[in-house]
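Trainee: I would like a close look at the sheet in this protein. Please take me through how it is put together and what surrounds it.

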Amino acid sequence: MFDFSKFYEKVSDKTLQIEVGKTYLSRDGREFLITGTSGDTEFPFLDEFGYSYTDYGGFVPDGPYYPEGRDLISEVVQDA
């Protein structure tokens with residue numbers, strides 16, 4: 001079984017609260033739109049590509065192919 005604990009430790013700001021319909025900036029500088037929920041209690045939020053996140057933006061690594069920098073760290077605020 002894959003050990004997720006090392007990835008959780010890297011998400012330092014657990015005050016972020018993910019919401020469906022909002023766009024977030026990842027640790028490595030990419031933007032991801034949260035489009036829905038998965039029904040999973042540990043990783044309830046899904047982005048536009050179907051990848052799962054915790055309620056505070058921690059990314060579910062899907063094996064060794066995804067960098068640790070995909071954790072969501074802040075909401076992207078559009079200028080009016």
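Mentor: The model is a predicted one, and the protein in it has one helix and five strands. Read from the N terminus, these elements follow the order α-β-β-β-β-β.

The five strands form an open sheet with the order β4-β3-β2-β1-β5, and the pairing is antiparallel. At the edges stand β4 (52-53) and β5 (72-75); each has a single partner strand, so one side of each is left without a neighbour in the sheet.

Now to one pairing within the sheet. Strand β2, residues 31-37, pairs with strand β3, residues 45-47, in the antiparallel sense, and three bridges join the two. T37 has F45 of β3 opposite.

F45 is also part of the largest nonpolar core, which has nine residues in all. I34 deserves a separate word.

For the protein as a whole, 34% of the 80 residues count as buried. Of the contacts between residues at least 6 apart in sequence, 42% join residues at least 24 apart.

Definitions and conventions. Residues numbered from 1 in each chain as written. Predicted model: local features only at pLDDT ≥ 70, side-chain atom pairs only at ≥ 80, totals over all residues. Heavy atoms only, no water. Helix = DSSP H or I, 4+ residues; strand = E, 2+ residues; numbered from the N terminus. Buried < 20%, exposed > 50% of the residue type's maximum accessible area, 1.4 Å probe, protein only. Contact = heavy atoms within 4.5 Å. Core = buried A, V, L, I, M, F, W, Y, C linked by side-chain atoms within 4.5 Å. Pairing = 2+ DSSP bridges.
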